[in-house]
Amino acid sequence: MAYSDKVLDHYNKPRNVGSLDKAKSTVGTGVVGAPECGDVMKLQIEIEGDRIVDAKFKTFGCGSAIASSSLATEWVKGKTLDEALEIRNTQIVQELSLPPVKIHCSVLAEDAIKAAIADVKTKRESDLKKESA
Amino acid sequence: MKLPIYMDYQATTPVDPRVLDAMLPYFKGEFGNAASRSHPFGWQAEKAVDTAREEIASLIGASPKEIVFTSGSTEAINLAMKGVADMYGAKGKHIVTCESEHKAVLDTAKHLEKEGFEVTYLAPDITGRVTAEAVAEALREDTILVALMWANNEVGTLNPVREIGALCRERGVLFFTDATQAVGKIPVDVEADNIDMLCLSAHKIYGPKGVGCLYVRRRKPRVRLVAQMDGGGHERGMRSGTLNVPGIAGLGKACAICEEELTEEMEREIRLRDLLEEKVTSRLDHVHFNGNREHRLPGCLNLSFPYVEGESLLMGISDVAVSSGSACTSASLEPSHVLRAMAVGDELAHSSIRFGIGRNTTEEEIEHCANQVVEVVKRLRELSPLYEMVLEGIDLSTVNWAGGH
């Protein structure tokens with residue numbers, strides 16, 4: 001199978017690899033996929049106010065899955081949570097020229113962004129409750 | 001050293017220059033049809049075919065009359081299984097095979113199921129082996145055929161064919177073995193090993209693609225097959241079609257070379273295979289061996305690199321042409337049916353690589369391959385959330401995964 005130049009570029013030089021402190025209240029973590037399916041993505045975001053100031057990922061998966069999650073971290077950085085929620089898997093497919101068999105990789109990346117945002121929102125709400133209590 | 005390095009010898013092999021030389025005359029002046037009995041062109045072609053028959057028969061301990069030429073192993077498998085089913089179907093409708101067989105056997109078995117045959121698919125053990133005891137338990141009064149491979153193409157595990165053959169002989173059941181990966185790589189003797197039918201393919205043993213044969217026992221017992229193609233009645237009526245004379249000459253020469261060099265080449269490949277494993281496992285933790293340590297092909301090494309996905313690994317080791325048991329390499333998203341049948345776990349199946357070592361493999365290539373594998377696995381593990389979790393002491397089997405695609 002031939003890979004697009006952009007997939008190869010992200011695979012060879014993945015952006016924002018690493019981990020953020022998941023215990024921090026401003027960090028949201030999304031882990032999606034399952035090892036037996038051959039894909040697990042962990043995407044983390046750090047927010048200041050409503051804006052994503054940092055993003056990190058680690059992915060177990062094929063080159064397209066690695067590229068999709070690497071691209072996702074690039075795209076969410078600097079966006080507000082609402083803006084990041086608007087990222088669609090089809091945009092990832094288009095940007096990376098993913099073939100049909102690899103569309104699930106982009107779906108997983110979109111899911112990972114959503115899961116990370118949901119996590120940080122939940123943390124924020126429980127903090128607010130603690131403060132008001 | 002030329003890059004990329006070919007390390008996929010179970011998929012196919014390059015044609016040996018000596019084989020090519022043996023074939024060339026039959027593309028040029030000696031182009032006759034082996035079935036032409038009335039002139040020297042035909043006689044020359046027939047002589048080439050007869051010589052090849054002897055060379056093949058000699059390698060596997062058969063008589064030249066027992067060789068039926070085909071287009072390769074897939075055709076030979078179809079001919080053996082369907083040919084037996086058609087001939088002996090009135091006697092019984094039961095066939096025994098195994099889940100880790102090649103698709104050519106499994107799909108032929110499925111075809112026969114649609115025609116009213118009953119097939120028992122044995123599960124191999126975790127090393128990929130089927131025992132004679134398991135076969136004995138599966139045999140019934142109406143069993144007409146046992147079809148089990150000699151050497152597995154993905155993990156290199158050898159089945160105890162001699163014992164299985166003896167059992168089948170005793171019970172009056174025909175025994176067919178797909179020896180595509182075994183012939184020319186390890187000693188094969190259809191007499192001592194109690195084989196009734198056996199297939200082999202030229203391109204796995206440094207011969208050309210598109211030619212192979214089926215060994216069909218002529219005595220004790222005499223195996224009869226119903227031809228699966230209608231035509232001129234070539235090959236004792238079992239396989240019609242003008243013989244592929246250059247291909248057959250090549251197959252014969254390939255067998256002759258294998259026979260001459262077998263012992264020496266086995267030792268060389270075992271040494272290189274073990275060197276590769278040592279060089280990889282000494283520098284990486286968590287490497288899982290797939291297969292059977294004791295009963296295995298010399299030139300095959302299947303390793304899983306947990307926490308790294310197979311396709312991304314293949315992408316990284318771009319200097320080496322190898323094959324993955326992971327699915328993503330093909331259009332289906334399923335991991336290898338062989339590793340599945342062995343029940344090694346889907347996670348290990350997704351991270352497996354088959355290294356195939358062959359006649360042209362050098363120690364320098366092994367070194368380069370090992371270095372690249374180690375480097376890429378380390379890099380991808382840095383990227384792997386699973387490896388991170390394992391280092392944190394999390395048992396991955398206890399994690400409630402959100403679900404994949």
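Visitor: What makes E95(A) and K6(A) a salt bridge?

Guide: Happy to start there, keeping in mind that this is a predicted model. The side chains of E95(A) and K6(A) meet with N to O at 3.3 Å; the cut-off is within 4 Å, so the pair is called a salt bridge. The two residues sit 89 residues apart, E95(A) in helix α4 (residues 89-96) and K6(A) in helix α1 (residues 5-12) of chain A, so the pair links distant parts of the chain.

Visitor: Why is E95(A) called partly exposed?

Guide: Its relative accessibility is 29%. Buried means under 20% and exposed over 50%, so E95(A) falls in between and counts as partly exposed. K6(A), at 42%, also counts as partly exposed.

Visitor: And D16(B) and R18(B), why do they get their accessibility labels?

Guide: D16(B) has 7% relative accessibility, and under 20% means buried, so D16(B) is buried. R18(B) has a relative accessible area of 36% and is partly exposed. These residues form a salt bridge with each other, the closest N and O atoms being 3.0 Å apart.

Visitor: How do you know that the pair of E311(B) and K102(A) joins two chains?

Guide: Look at where each residue lies: E311(B) is in helix α8 (residues 310-316) of chain B, while K102(A) is in the loop between α4 and α5 (103-132) of chain A, so the pair joins two chains. Their side chains meet in a salt bridge at 2.7 Å, N to O, and both residues are buried.

Visitor: What makes K58(A) and E388(B) a salt bridge?

Guide: The closest N and O atoms of K58(A) and E388(B) are 3.3 Å apart. With the limit at 4 Å, the pair therefore qualifies. Four salt bridges are found across the interface of chain A and chain B, and 13 residue pairs there are in polar contact.

Visitor: How many residues of each chain are in contact, and what area is buried between chain A and chain B?

Guide: Chain A brings 33 residues into contact with 29 residues of chain B. The buried area is about 2700 Å², with carbon and sulfur atoms giving 64% of it. In chain A, Y11(A), P35(A) and F60(A) lose the most area to chain B, together 25% of what that side buries. By class, the side of chain A that touches chain B has 19 nonpolar, eight polar and six charged residues.

How values were computed:
Residues numbered from 1 in each chain as written. Chains lettered and ligands numbered in written order. Predicted model: local features only at pLDDT ≥ 70, side-chain atom pairs only at ≥ 80, totals over all residues. Heavy atoms only, no water. Helix = DSSP H or I, 4+ residues; strand = E, 2+ residues; numbered from the N terminus. Buried < 20%, exposed > 50% of the residue type's maximum accessible area, 1.4 Å probe, protein only. Contact = heavy atoms within 4.5 Å. Buried area = accessible area lost by both parts, 1.4 Å probe. Polar contact = N/O pair within 3.5 Å; in protein donor to acceptor, adjacent residues only side chain to side chain. Nonpolar A, V, L, I, M, F, W, Y, C, P; charged D, E, K, R; others polar.
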